[in-house]
Amino acid sequence: MKKPKFKPNNAITDKQYRTDKIYISEWVLAATVGLLVFVSSQYIDLRSLTVWSTNVWDVLFGGNFRDLYLYSYQNIHNAAHQYLGSELMSLLPLSIWNIPIWIAQHFFHHEIYDSAIMLGYSKMFFVVLSVLMVLVTKKLAFFVTQDHDKSMIAAFLSGSSVFLFISVCFAGQNDIVMILPSLLAIYALLRNKYRAFFGWSILTISIKPFFILPFVAILILHEKNILKILIKLVIGASGLLVQKLLFMGAPMYTESMENGPSKRMLEEMFPGNFSTAFGDISIFAVALVLIYLYSYTRPFNMESLEKDPVTFAKYVVYIVTLTYTSYVMFSPFSYYRIAVIVPFIYIVMVQNSKMYFYNLLFDVVFSFSLVSKIMLRNSNIFKIRYVNDSILARSFGYNANPDTAGFFEGVDSYLYVTNDLIEHLQSMFTGLTIVCVGLLLFFNRPDKETEFKVSGERNCRVLLWAHALIIAPFILMTIWLFANAPEKIFF
């Protein structure tokens, strides 16, 4: 009797590799990367946001809530910034979360500014909101795709995005406080819950006014009557107006708004990128006009959600992605603000299964190139000064002196010294970023499903892992520089 030839059972392994499912091990990988970034950084903006958030309770129990901006200017608790240059709602959610550490500071005299644990607790609020954002992303992506696996991929790409890691786990920035309610607003609109849509939109705009730009595009897409659009826009901005009325004439309020970052960001939003005979023009302003025209000319109205809710949902997500992407491409932005495209661009990506491989490839190249460019332009990222006072630095028992670190000061300075070619690669990274973002937006527009003839539907799982690991080499190198800094200051 002839013995059957032994064939190794590789079919299951290959099937697991090619499946659209996201495994628990991959979530663990993303969480591990996020944890590494979380414990190894202590950015100055988090210190100020945390101190300001607890100032709210100091002035509330001090008897005059309108003294918030004056009290913050006096800087009793050593915030890194002199002026509180944002509205109350940008702080209030964090203020509620930070009640325990305010109690520790107010009653037991443990200064928040000097405590890695209390600052870590504050930053944990943004991590919690990020988890909630991932859950809402899954629901919104399922509404758009009607596919559980695709919606989970969108959730994973959002939760493991390098831009989310930078904004939340590294910088401890509060953009996620705006992103989450904006997602809830869009999800409410798609389910015909107009009151909830306006409620969440009012909250989002009152936290940070960036959402006004895509909010207008959504209104135009949904409502073609210009007068009604203007009325609804005023309703959406009502929370912002109430805050300004609340602090009108309050001590140091005007000065804080004038000298804080919010005014500067609004002033720089429409830079003169291109010269004409009429003067400099803003490419972002031109892009907004085109996006609003595109929205107005789409065949949707108030009844569209009942007739074809899925198609309408695809257009809503796409124009929000277009708006935010145009902002980060054509306007100056702080390196952490790129997080505003999360999760919208990933929901757009998973809609076209015929472009699955290429979408992931474009995403990885775009993400790595943009992070590299941001670092090389001398942004406040991947520098040993922001490892100082972190949970990791406390466990090492010392801080590193950045003033005497030389080329160990940061990843960018180290690369510039050790590799002459790095400086000349900046334009290459910029080009890769622009072309990959452009391809993503072009090939995934909702009015046409593009198909590449070669390997478009192929699931190359290593790209998912690369997506989650993009920030890891930058952070590990920063930690290595911190460990090898020439001057260490032991606690």
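Student: Which residues of helix H9 are buried?
Tutor: The model is predicted, so that local features need pLDDT of at least 70 and side-chain atom pairs count only at pLDDT 80 or more, whereas totals for chains, interfaces and linings use all residues. Residues are numbered from 1 along each chain as its sequence is written, and side-chain values use heavy atoms, with hydrogens and water left out. Buried means under 20% relative accessible area, exposed over 50%, and partly exposed in between, with a 1.4 Å probe and protein chains only. The buried residues of H9 are Val 162, Phe 163, Leu 164, Phe 165, Ile 166, Ser 167, Val 168, Cys 169 and Phe 170.

Student: How many residues of H9 (162-170) are buried?
Tutor: Helices (H or I, at least four residues) and strands (E, at least two) are DSSP runs, numbered from the N terminus. Helix H9 is mostly covered, and its buried residues number nine of nine.

Student: Which residues have the most contacts inside the largest nonpolar core?
Tutor: A nonpolar core is a set of buried Ala, Val, Leu, Ile, Met, Phe, Trp, Tyr and Cys residues joined through side-chain atoms within 4.5 Å. The largest such core has 164 residues, and those with the most contacts inside it are Phe 163 and Ile 341.

Student: Which helix supplies the largest share of this core?
Tutor: The core in question has 164 residues. Its largest share, 13 residues, comes from residues 116-145, that is, helix H7.

Student: Which residues does Ile 341 touch, not counting those up to four places away in sequence?
Tutor: Contact means heavy atoms within 4.5 Å. By that rule, the partners of Ile 341 are Phe 163, Tyr 324, Thr 325, Val 328 and Phe 366.

Student: Where does the proline of the cis peptide bond from Val 342 lie?
Tutor: The peptide bond from Val 342 to Pro 343 is cis, with omega near 5°. Pro 343 lies in the loop between helix H19 (309-330) and helix H20 (344-350).

Student: Is Asn 75 buried or exposed?
Tutor: Asn 75 has a positive phi near 55° although it is not glycine, and its place is the loop between helix H4 (68-74) and helix H5 (92-97). Because its relative accessibility is 18%, Asn 75 counts as buried.

Student: How is Asn 192 classed, at 33% relative accessibility?
Tutor: Asn 192 also has a positive phi, of about 65°. It lies in the loop between helix H10 (175-190) and helix H11 (194-207). Because of its 33% relative accessibility, Asn 192 counts as partly exposed.

Student: What is the radius of gyration of the chain?
Tutor: The radius is taken over C-alpha atoms, and the globule rule is 2.2 Å times the number of residues to the power 0.38. With 491 residues, a compact globule would have a value near 23 Å; the chain agrees with this, at 24 Å.
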